Amino acid sequence: MLTVDFSRFPLAPGDRVLDLGCGGGRHAFECYRRGADVVALDQNAEEIAEVRKWFAAMEQAGEAPAGASAVAMEGDALNLPFDDGTFDKIIISEVMEHIPDDKGVLAEMVRVLKPGGLLAVTVPRYLPEKICWALSDEYHEVEGGHIRIYKGDELVEKVRGAGLEPYGTHHAHALHSPYWWIKCAVGVNNDKALPVKAYHQLLVWDIVGTPVISRITKAAEKALNPVIGKSFVVYASKPRTGE
């Protein structure tokens, strides 16, 4: 399940891509499949170990083009272990809402991004997230949990203030908003509750269902994304020297 729209964030074979705060690696895997040289970085050692295993499995299965490379490593988003201007593209998906110094993270990404390079930032959207917080303290008051809710304009201005040029936005994952509202209402960790199990099955059908079911769920999500899309995505470019 990808949050970044690669038609708006084009990759070319050989592009050097950083997936910052990669988590389970979903965007890193897609970049690898598209022929990029990928660095997946996260502070969670267990997740990095799993991403590293999947990279190896993908290489063995021939899922990535010849010449593409993929590395998974632990690291600190506020102190990236890379030289200035290292990456052509950077993705940071559902991460900045966890980090107190979000301006510091943006500054580090700008530093390691090449002039002319692209950045994709995704965060939980304001309204769906606000409802989750209202329904459940447990949803966000956990170690490493969400510490802020972004309004769309606020995030765009922070990206612009970091020296980048935003060039597009959109919303994603509308079908996931009701799922999280239900979980917050019955207990975030209560996955056995009937409404949670029933709605989860709908999300599974969306991903692995028959072509007919998949077309219906994708059409519904496309229509609902502007209204209740769970994620807000900003795309931006780093000005070239002298621009």
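This short talk goes through one predicted model, from its sheet and a central helix to its charged and aromatic pairs.

Before I start, this being a predicted model, local features need pLDDT of at least 70 and side-chain atom pairs count only at pLDDT 80 or more, whereas totals for chains, interfaces and linings use all residues. Residues are numbered from 1 along each chain as its sequence is written, and side-chain values use heavy atoms, with hydrogens and water left out.

Let me begin with the sheet, where helices (H or I, at least four residues) and strands (E, at least two) are DSSP runs, numbered from the N terminus. Seven strands make an open sheet in the order β3-β2-β1-β4-β5-β7-β6, with mixed pairing, and two strands are said to pair if DSSP finds at least two bridges between them. The edge strands are β3 and β6, the latter spanning 165-172, and each of them pairs on one side only. From one strand to the next the twist averages 15°, with axes taken as lines fitted to C-alpha atoms, for helices over the stretch in contact, and angles running from 0 to 180 degrees between N-to-C directions. Within this sheet, β1 and β4 pair in the parallel sense over three bridges, and Leu18 stands opposite Ile90 in β4.

As for annotation, UniProt, in an unreviewed entry, places the feature "domain: Methyltransferase type" at residues 18-120; its positions are given in the numbering used here, feature names are shortened, and annotations may be inferred rather than shown by experiment. In the model, the end C-alpha atoms of residues 18-120 lie 11 Å apart, and the span is 35% helix and 29% strand.

Now to helix α3, residues 102-112. For accessibility, buried means under 20% relative accessible area, exposed over 50%, and partly exposed in between, with a 1.4 Å probe and protein chains only. Eight of the eleven residues of α3 are buried, so this helix is largely enclosed by the rest of the structure. Those buried residues are Asp102, Gly104, Val105, Leu106, Glu108, Met109, Val110 and Val112. What covers them includes β1 (16-20), β4 (87-93), β5 (113-124) and α5 (152-161), where contact means heavy atoms within 4.5 Å.

Where does the side chain of Arg111 meet that of Asp84? The two come together in a salt bridge at 2.8 Å, N to O, a salt bridge being a side-chain nitrogen of Lys or Arg within 4 Å of a carboxyl oxygen of Asp or Glu. This pair links distant parts of the chain, with Arg111 in helix α3 and Asp84 in the loop between β3 (69-74) and β4, 27 residues apart. Arg111 counts as partly exposed at 25% relative accessibility, while Asp84 is exposed at 57%.

By this rule the count comes to 15 salt bridges, and I will mention two others. Glu154 and Lys158 meet at 3.8 Å, N to O; being four residues apart in helix α5, Glu154 and Lys158 are separated by about one helical turn, and Glu154 is partly exposed, with a relative accessible area of 32%. Lys183 bridges to Asp191, the closest N and O atoms being 2.5 Å apart, and here Lys183 counts as buried at 5% relative accessibility, whereas Asp191 is partly exposed at 44%.

I turn next to the aromatic residues. Rings of Phe, Tyr and Trp (its six-membered ring) pair if their centres lie within 6.5 Å, with planes under 30 degrees apart counted as stacked, over 60 as edge-to-face and the rest as tilted. The count by this rule is nine aromatic pairs. The rings of Phe82 and Phe87 have their centres 4.9 Å apart and their planes at 90°, so the pair is edge-to-face, and both Phe82 and Phe87 are buried. Tyr139 and Trp180 also form an edge-to-face pair, at 5.8 Å centre to centre and 65° between the planes. That pair links distant parts of the chain, with Tyr139 in the loop between α4 and α5 and Trp180 in helix α6 (residues 176-186), 41 residues apart. Tyr139 is buried at 11% relative accessible area, and Trp180 is partly exposed at 27%. Finally, Phe6, Phe9, Tyr167 and Tyr235 form one aromatic cluster.
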